[in-house]
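Open the model in your viewer and keep the sequence panel beside it. This tour goes from selection to selection and says what is there.

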Amino acid sequence: MPRTYVVDAGALFSTWTKRVGEGVFSTTTDVVDEIRNRPSKFRADLLEVLDRLREEAPPTDSINAARRAATETGDDSILSETDIELIALAHSKRQDGSSIVLVSTDLAVLNTARHMGIETVDPSGKFKDDIKWVSICPACGHRSVASKAGLECPVCGTPMRRRVFKKGRK
Ligand SMILES: [Zn+2]
């Protein structure tokens, strides 16, 4: 069975897709719209890829599962609706028994997808296990630099949320 690659705009604008000889690309309507709004030079470069690109909508239960996972990782405040739908699409494909890889350059997307057990690829190569994390207490706002998920806040005992420590995010 050919692999399915669920891709975001960042992945499509990288050269990564051109290196994938086999497999099917799948993405959401929002991502396709984002590409259509780019200058035509970008689209021309992507023509071959767009030819192999399926536009799909994730089912509601997968969207809910992606939202739950994002809450668990602490990425929920960072992820856009487009991001959540992309993760949900990968989740639904896997539920269908597809061999699936989510391809994104967004660290929060990659983090939440991995939390759900979805295989991921980061074309930019920035997503590594040694990226910096920060844990934030949702109750009292205490922050600590910690690499483990599921820590309790040392101030008030509330389970802390973990997120990628990175400046300049959207
Ligand atoms: Zn606290």
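Two strands count as paired when DSSP finds at least two bridges between them. With that in hand, select V103: its bridge partner in β5 is V121. Bear in mind throughout that the model is predicted.

**Stop 1: the sheet**

Strand β4, residues 100-103, is joined to β5 by three bridges, and the two run parallel. Now show the whole sheet. It is open and has five strands, in the order β3-β2-β1-β4-β5, with parallel pairing. Look at the edges next. β3 (53-55) and β5 (119-121) each have a single partner strand, so one side of each is left without a neighbour in the sheet. Turn the view along the strands: neighbours are turned by 30 degrees against each other on average, direction ignored.

**Stop 2: strand β1**

Select β1 and its two partners. With β2, β1 pairs in the parallel sense over three bridges. With β4, the pairing is again parallel, over four bridges. V6 shows both sides. It stands opposite S26 in β2, and the bridge partner of V6 in β4 is L102.

Which way do the side chains of β1 point? T4 and V6 point one way, Y5 and V7 the other.

**Stop 3: the nonpolar core**

Colour the largest nonpolar core, which has 37 residues. Y5, V7, L12 and F25 touch the most other members. Several elements supply at least two residues each, among them β1, α1 (9-13), α3 (40-51), α4 (60-73) and α6 (107-115). Which helix gives the most? It is α5, with six residues.

Centre on Y5. Leaving aside neighbours within four places in sequence, Y5 is in contact with W16, V20, E22, G23, V24, F25, S26, V101 and V103. V103 is the residue that opened this tour, with V121 as its bridge partner in β5.

**Stop 4: A9**

Move to A9, in helix α1. Is A9 buried or exposed? Its relative accessibility is 5%, so A9 counts as buried. Not counting residues up to four places away in sequence, A9 touches V31 and E34. Draw the C-alpha distance from A9 to E34: it is 7.1 Å, for residues 25 apart in sequence.

**Stop 5: the zinc site**

Select the zinc ion and show the side chains around the metal. The SG atoms of C137, C140, C153 and C156 coordinate the zinc ion at 2.3 to 2.4 Å. The angles between the four donor atoms run from 102 to 122 degrees, which makes the arrangement tetrahedral. Along the sequence, the donors follow the spacing C-x2-C-x12-C-x2-C.

Now pick out C140 and C156. C140 lies in the loop between β6 (133-136) and β7 (143-144), and C156 in the loop between β7 and β8 (161-164), so the pair ties together parts that are 16 residues apart in sequence. Finish with a surface view. C140 is partly exposed, at 40% relative accessibility. C156 is partly exposed too, with a relative accessible area of 39%.

Definitions and conventions. Residues numbered from 1 in each chain as written. Predicted model: local features only at pLDDT ≥ 70, side-chain atom pairs only at ≥ 80, totals over all residues. Heavy atoms only, no water. Donors = N, O, S within 2.8 Å, 3.2 Å for Na, K, Ca; no water. Tetrahedral: all angles 85-135°; square planar, octahedral: opposite > 155°, others 65-115°. Buried < 20%, exposed > 50% of the residue type's maximum accessible area, 1.4 Å probe, protein only. Axes fitted to C-alpha atoms, helices over the stretch in contact; angles between N-to-C directions. Core = buried A, V, L, I, M, F, W, Y, C linked by side-chain atoms within 4.5 Å. Contact = heavy atoms within 4.5 Å.
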